[in-house]
Amino acid sequence: MKLTTTLAVGTALSLFASTAFAYDADWKRGRVYYRSVCTSCHVTQPVGTINPSSKTKAEWAAYVKADKHGKGKETVKQYVSKTYRESIKSGNKAAEKFIAVPETELLADIQLFLQRGAKDGEAPASCN
Amino acid sequence: MRHSFTRAALMLCSAGWLAATGPVFADEAKPEAKPLKLTTTADHTKFKQLQKTFNSGPEVTKACLECHTEAAGQIHRTKHWKWEYLNPDTKQTLGKKTVVNNFCISVASNEAACNSCHIGYGWKDASFDFKSEENVDCLACHDTTGNYKKPSGLAGNVVTKDMEFPPGSGKVLKAIDLSKIAQKVGKSSRDTCGACHFFGGGGDGVKHGDLDSSMSAPEKELDVHMDATGLDFSCGTCHKTSSHDVAGSRYTPTAKDSKGAHVRGKADNGNPATCVACHSNAPHKKEARLNQHATKIACQTCHIPSFARGGIPTKMTWDWSTAGQLDANGKQITKKDAKGRIIYESRKGDFTLGENVKPEYVWFNGNVTYTLITDKVEKSDQRTPINKIGGSPTDGKSMIWPMKVFRGSQPYDPVNKTLVTPHTAGNDDTGYWKNLNWDKAIAVGMNTSGHPFSGKIDFIKTEMSWPINHMVAPKEKALGCVECHSKDSRLAGIKGVYIPVRDNNKLLDTAGWAIVLLTLLGVLGHGAMRIVTARRH
C-alpha cells in the first residue's frame, strides 16, 4: 500500500513537473531571433546563411540535441543565452528585445521555427 | 527489500521530475514562474468544446460559436465574407465576386481555386449559402500556429485526412490537426492576413508590390511600422477592426485625410488606416516646410521610395496573348530568367518582374471607377484602364500618390466589346490552365458569370493601378529633395503644380538672376557714393 502510494505520488509529481513547466513555444519569436541573430551573424561568416529549409526536421532536431556549434568548438545554447544576448544587445535589436526571455523558452521557440521551416516541415522557410 | 524497492521507486520518480524540470533548473538559477499568456484572456486549450477531433472546418466553427455567439453574424456583414461591395459614390457593385482584373482575371467559374482565400468553407459555385454561420471560417484569421492551410482547388475547405489532389496526380495533400489549431487561436497577425494578401494574383508578391511574404517578419529598413524587432505592428494595428469589419478598403480609399489624428471618444474619426490617423496633418516637427508639402503630397510618396524591397519580386506586366505555347512533345513549358524566376508559362503567358521598383505618381482624390464586365471597351493604342484613378490638381481633394501600375494584355470579346471571365483553374476539360483552349474556357466562364459571349476572342491591352501604402521606410530613407526638385524628377508626369527646379525656365531664371545682380550692383554703388559723399563733407 505504502509502495503504491509512493509510486502514485511520484508519478503525479513527475506529471505535474512536465505540465506546470510546459512551455507553449512561439515559432514567430523563434523566427525573429533566428533571422535577426543567427542569420545576421552567419551572413558575414564564411559558412554563409543557413536556410531552415536546408535540413529536415530530424536533422534540425539532431543538431539542437547535439548542441554543437562551429564543429563542436562551442555550444548552440550559448548563442541563445542571456549572456550572449547581453553582449550583442547594443547592436542587435532582437537580442535587446528578447533580453528577458528565459533561455529554455527562446531555444524552444527557435526549435519550433526550425521544425516548421525544415525541408519537410509545414512551411519550409528561407532566411528572410 | 521492500524498503529498498520503495527507495528505488522514489529515485525513479525524482529522476522523472528532474528530467522534466532539468533544463529549467539547469539554465536558470531559480525556477521560472508558470508562463502567463499576456496576449489573450482565454487559454483555448482549456475549453472542452475544442478538446475533440474535428473532421471539417464547419465543425470547428460550430464549437467557436458556442461561446462567440455573435461572431458569424458580424462576419456576414463584411466585404471579406460577401466579396461584394456597393461603392456609395460611383454606385458600382464591386468586390472580388464581381470585378475583373488583369492578373488571373476573375473569380467566376474559378471559385474552387480562388476561394481558398475566402473566409468561408465550401464556396465552389453560385449555390454557396452566404447565410450559413457554420460556413464562416474563424481559423483563417485567428490561427496562430501557422499550420492552417486551405489548399487551392478545395473551395476553401481544409484537409483533415491525407488525400491525393488533383485526383490521379500522385500529389498528396497532408491533413492538418484542426483540434490543435483551434486550441491555439488568437489575434489575427501579419501571417494570417498575409496568407492571402501576400499571395494575391497567384503567388508571393505578385499583385500588390508593397505586400509580400518578406513583410511577415520585416526589418525596420523594409517597414518601419511592422519592424519585427521594433514597433512590430500587425495589420490590425492600422486596419482597426470593428465588429469583424476591417477598415481601410482599397475600393474606397482615403486619398486626403483632413480629419487629423484620431482622438478617443470623437464620434467621426474616419478611416483609422491612414497615416494622418496617427501622425496628424502636421507630422514634421523640425521642418515645418515639409508640412506644406503634406497638403499636396501623400505621405506615401516620400516615405515609400520604392516597393518590392524585401527580396521578393512583384509582377509588373502579364501578357496573356502569348499563352498556349507547347514544346516539341506537345507539353506545356516554363521559362525562367537568370535568377531562376518564372517569366513564361504556357498556361499564363509572359511576365516581367520588378524589385525595388520606383512607383508612378498621379493626382488621386480617392475615387476609383472600375471597368466591369458590363462596360464597353474599345481596342486602341491606349490601354484600357481596369480601374480609373480619379484626381486633379484643382479639385481640392487630390494628393500626389505613388502607384504600382500593372500592365497587361488579356482576352476580350471584340464583338460585344467587353472584357471576359475565362474559366482558368480546374481539373476539367474546359479549364484553360489544363487544356489551353480559350474558346472553351471563355464560353464556360462567361456562362457562369452570366454575361453574353459572341464566341470571338481577341486580346486587349489594359492597366490597373494599385495605391502603394506599405513598406514605409525609416525617415532617414525618405525621398530627398532632388528626387522631385530636379530635371529628371520622379514627378515628371505630374501636371498642374509648379515644382521648383523641375519646372524652371532658363530665360526666366537668367532674367531673375540679372535683376538680382543689378540690384546688388545698385546697392553697392549707392553705398559707395554715400561713403564718398560723406568724406567730402
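Guide: Helices (H or I, at least four residues) and strands (E, at least two) are DSSP runs, numbered from the N terminus. This is a predicted model, in which local features need pLDDT of at least 70, side-chain atom pairs count only at pLDDT 80 or more, and totals for chains, interfaces and linings use all residues. Residues are numbered from 1 along each chain as its sequence is written, while chains are lettered from A and ligands numbered from 1 in the order in which they are written.

Visitor: How many helices and strands does the secondary structure of chain B come to?
Guide: Chain B has 15 helices and 17 strands. Along the principal axes, its C-alpha atoms fill a box of roughly 130 × 75 × 50 Å.

Visitor: And what is there in chain A?
Guide: Chain A holds six helices and zero strands, and its pattern along the sequence reads α-α-α-α-α-α.

Visitor: What percentage of residues is buried in chain A, and what percentage in chain B?
Guide: A residue is buried if 20 or more other C-beta atoms lie within 10 Å of its own, exposed if 12 or fewer, and partly exposed in between, with C-beta atoms placed from the backbone. In chain A, 30% of the 128 residues are buried; in chain B, 35% of the 537 residues count as buried.

Visitor: Which domains does the assignment give for chain B?
Guide: Domain 1 covers 37-189 and domain 2 covers 315-483; such bounds come from an automatic or database domain assignment. The C-alpha centres of these two domains of chain B lie 27 Å apart.

Visitor: How many residues of domain 1 of chain B are in contact with domain 2 of chain B?
Guide: Two residues are in contact if their C-beta atoms, placed from the backbone, lie within 7 Å. On that basis, 19 residues of domain 1 of chain B are in contact with 24 residues of domain 2 of chain B. The side of domain 1 that touches domain 2 in chain B divides into 10 nonpolar, eight polar and one charged. Here Ala, Val, Leu, Ile, Met, Phe, Trp, Tyr, Cys and Pro count as nonpolar, Asp, Glu, Lys and Arg as charged, and the others, Gly among them, as polar.

Visitor: Turning to the strands, which way do S7(B) and S10(B) run, parallel or antiparallel?
Guide: Strand S7 (residues 314-319) and strand S10 (residues 349-354) of chain B run antiparallel and are joined by five bridges. Two strands pair if DSSP finds at least two bridges between them. Within S10(B), Leu353(B) is the bridge partner of Lys315(B).

Visitor: How many residues has helix H15 of chain B?
Guide: Helix H15 (residues 506-536) of chain B has 31 residues and reaches 45 Å from its first C-alpha to its last. That is close to the 45 Å expected at 1.5 Å a residue, the expected span being 1.5 Å times one less than the number of residues. H15(B) is hardly covered, and its count of buried residues is zero.

Visitor: Why does Arg289(B) count as exposed?
Guide: Arg289(B) is exposed because it has 8 other C-beta atoms within 10 Å. Arg289(B) is found in helix H11 (residues 288-293) of chain B.

Visitor: Finally, what is the mean pLDDT of chain B?
Guide: The mean is 93, and 93% of the residues of chain B reach 70 or more; pLDDT is the predictor's confidence in each residue, from 0 to 100. Over residues 8-28 of chain B, pLDDT stays under 50. For the complex, the predictor gives an ipTM of 0.79 and a pTM of 0.87.
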